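Subject: Structure handover

Hello,

Please find the structure below. My notes on it follow.

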Amino acid sequence: MSMPTGTTAESQAVPAADSHDLIRVEGARVNNLKDVSVEIPKRRLTVFTGVSGSGKSSLVFGTIAAESQRMINETYSAFVQGFMPTLARPEVDLLEGLTTAIIVDQERMGANPRSTVGTATDANALLRILFSRLGDPHIGSPNAYSFNIPTVKASGAITVERGAKTKAEKATFNRLGGMCPRCEGMGSVSDFDLSALYDDSKSLSEGALTVPGYSMDGWYGRIFSGAGLPMDKPIAKFSKKDLHKLLYSEPEKIKVEGVSLTYEGLIPKIQKSMLSKDREAMQPHVRAFVDRAITFTTCPDCGGTRLAPEALSSKIRGKNIADVCAMQINDLAGWVRELDEPSVAPLLRGLQHLLDSFAEIGLGYLSLDRPAGTLSGGEAQRTKMIRHLGSSLTDVTYVFDEPTIGLHPHDIQRMNNLLLQLRDKGNTVLVVEHKPETIAIADHVVDLGPAAGTGGGSICFEGTVEGLQASDTITGRHLGDTTRLKESVRPSTGALEIRGASTHNLKSVDVDVPLGLLCVVTGVAGSGKSSLIHGSVARREGVVVIDQSAIKGSRRSNPATYSGLLEPIRKAFAKANGVKPALFSSNSEGACPTCNGAGVIYTDLGVMATVESTCEDCDGKRFQAAVLEFTLGGRNIAEVLAMPVAEAEDFFGAGEARTPAAHKILDRLKDVGLGYLTLGQPLTTLSGGERQRLKLAAQMAEKGDVYVLDEPTTGLHLADVEQLLGLLDRLVDAGKSVIVIEHHQAVMAHADWIIDLGPGAGHDGGRVVFEGTPSELVRDRSTLTGEHLAAYVGR
């Protein structure tokens, strides 16, 4: 029987496994999404655009990535899930075609002071193994080179059993760790200014302690009394024994009112509770106390290297592990490349690839000993990307949140290439982005809007970049935006003199920062911009700094509490109704007793995911029913917190509800473009751009003559940048001086004066390569910034 020569219909059919080429989302309602349905092609680069707060993050992170992570977590055993955060299912009707999601977001890296770039990327682990194999003299295992592991010594008797006999023998145990014993691997030692800890003219019961949180009204007062300290004697009259107990006592068990507690001296307690955290992660009042009360000096024993003498004595080609960690990563990669040791060849290849990845991603100017908490949001995000560049994983979904943050226009092409490499390996790449340069490389674009907050949450456009440009959406209209240079610039009214600045990579920089105008500081990432301004300007009197650090807040925090708006609103309600202001706080007396003011009930189902449901007693309004009967201008407190900023501004601006203090804060919130935000929206649901502008509105209330802003366009849509420039102009016109560290060409073109640093990053930067007006920078084209600005303005 002969075989058919023609091709059968079955052989032409696409295998079922290959037909799943789309991620389908139907009926997404997370945050402000309005029953969004969208189809996203797999193994392609899809960019999500739209104004800040339009719903991009809600769709990508809150829906697609969140459900992927939740479903992966469910594959683990019930025992393992008990140690993992519980994730609720997103509000969506259908999600199909999901793959494993790897999220690379803007969250700052761990705020642990022991965390460095090297420890966060495993580079230190590889170096420790390298030194344990090749270091001369050989001192021990990789642990001997770790500043997180202390040396442990012990001696005593051990029992040895041989057959039916047992014998006691002496034995010693010695595990060599790399931690410097003096500073405990921190690199610095602290010295306390005792006058900042207490007022010695007062007694403890009179509130002598000035440490945040140490009130004598609560348990602290009972603990100090239970420890036997004289509560009514001024500290100046304490005996040496009492003063030592107050300040330096080792932990000891005491009983207070029948309860077993631990008493510990003030200084060791502060060291554990405050100094174990990174300074950037502290709450503002705690950070102010630490800056006032404690001075940090380089550890005299290890010279700031964090390492014990034994670890520093072991060298490879004349360098110890501290020396190589202090090298710029570009230089370190060259040093490793020169090592020719066949015995550790696989290790050297892995280390070489890791270090080359830093250079490839534009972070070659860092050093491995750089504290992780000092990295900017963009640097932290790119550092997290490094572990994925050499990954063997394919057919996964990579989710990026504005990967171009903190990048000079010169560096954006390099980032684009990395995104395309991940896609070309067969992965699905989803990017939330505002920069036209990254939108331009997309295979598929999803534009959300049309506005922000309640005015957004809809799909305005799906398709190609060319289709987006031709569409009539806000993003489409602004995608090809260029700007003109200012025809005239403001004259300077003075200058802040900087002399001999040498922070980080700065090379004894002398520069005058002009006052009374808009001054923009530019340069490639790592050129020394932040080092110059934060190191030499930020700490001066009258300077208000609005940096990139994240705002603190739980799901109970909202724009009203963060901005200080709730305080005058509560007082206005209390005055109008003749009751206490505490009734109008969902965190105090007015809270619904059923949900404790949270608005939702959490049901813990043991090993299953916790279920979150709206509180039936208060219907999610957070307040007791009796509190909601009190009104101001015909509205109760829950209705006021449900108002958008713009509506609330009108409400508190006139009539019965007129409250000047509240109106002033609302005016600032509207000024920074947050008029659509509701007053009671949890901070945890705000986008990155919204959080930064909320912080800007809150800090504008501080009295100062000079405002320093660190990349204020972070998270801003092209259309929002224009509004930001108007705000900066109003600050200058009000007599303020504004200094902006920025990469966005529209902000550069709008400046009165530009200070450009470079010419490169790391030790190739740290110099002022241009000072002058934007038109002079464009005319000279002597720097990378000048070339890109000239292209942007069409010169």
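The side chains of His 717 and Thr 475 are joined by a polar contact of 2.8 Å. A polar contact is a pair of N or O atoms within 3.5 Å; within protein, one must be able to donate a hydrogen and the other to accept it, and residues adjacent in sequence count only if both atoms are side-chain atoms. This is a predicted model, in which local features need pLDDT of at least 70 and side-chain atom pairs count only at pLDDT 80 or more, while totals for chains, interfaces and linings use all residues. Residues are numbered from 1 along each chain as its sequence is written, and side-chain values use heavy atoms, with hydrogens and water left out.

The side chain of His 717 also reaches the backbone nitrogen of Ala 719, at 2.9 Å. His 717 sits in the loop between strand S22 (706-710) and helix H26 (718-733). Helices (H or I, at least four residues) and strands (E, at least two) are DSSP runs, numbered from the N terminus. His 717 counts as buried because its relative accessibility is 2%; buried means under 20% relative accessible area, exposed over 50%, partly exposed in between (1.4 Å probe, protein chains only). Leaving aside neighbours within four places in sequence, the residues in contact (heavy atoms within 4.5 Å) with His 717 include Gly 50, Ser 52 and His 434.

Next, a sheet. Three strands form an open sheet in the order S2-S1-S4, with antiparallel pairing; two strands pair if DSSP finds at least two bridges between them. Strands S2 (36-41) and S4 (94-96) stand at the edges with a single partner strand each, so one side of each has no neighbour in the sheet. From one strand to the next, the twist averages 5°. Strand S1 (residues 22-28) is joined to S2 by five bridges, and Val 25 has Val 38 as its bridge partner in S2. Helix H2 (residues 56-73) packs on this sheet and touches S1, S2 and S4; its direction makes about 115° with that of S1. Axes are lines fitted to C-alpha atoms, for helices over the stretch in contact, and angles run from 0 to 180 degrees between N-to-C directions.

Last, the cores. A nonpolar core is a set of buried Ala, Val, Leu, Ile, Met, Phe, Trp, Tyr and Cys residues joined through side-chain atoms within 4.5 Å. The largest has 71 residues, and Ile 569, Ile 637, Phe 652, Leu 679 and Leu 728 touch the most other members. H26 gives the most to this core, seven residues. Another core, of 67 residues, lies apart from it and includes Ile 102 and Phe 461.

Regards
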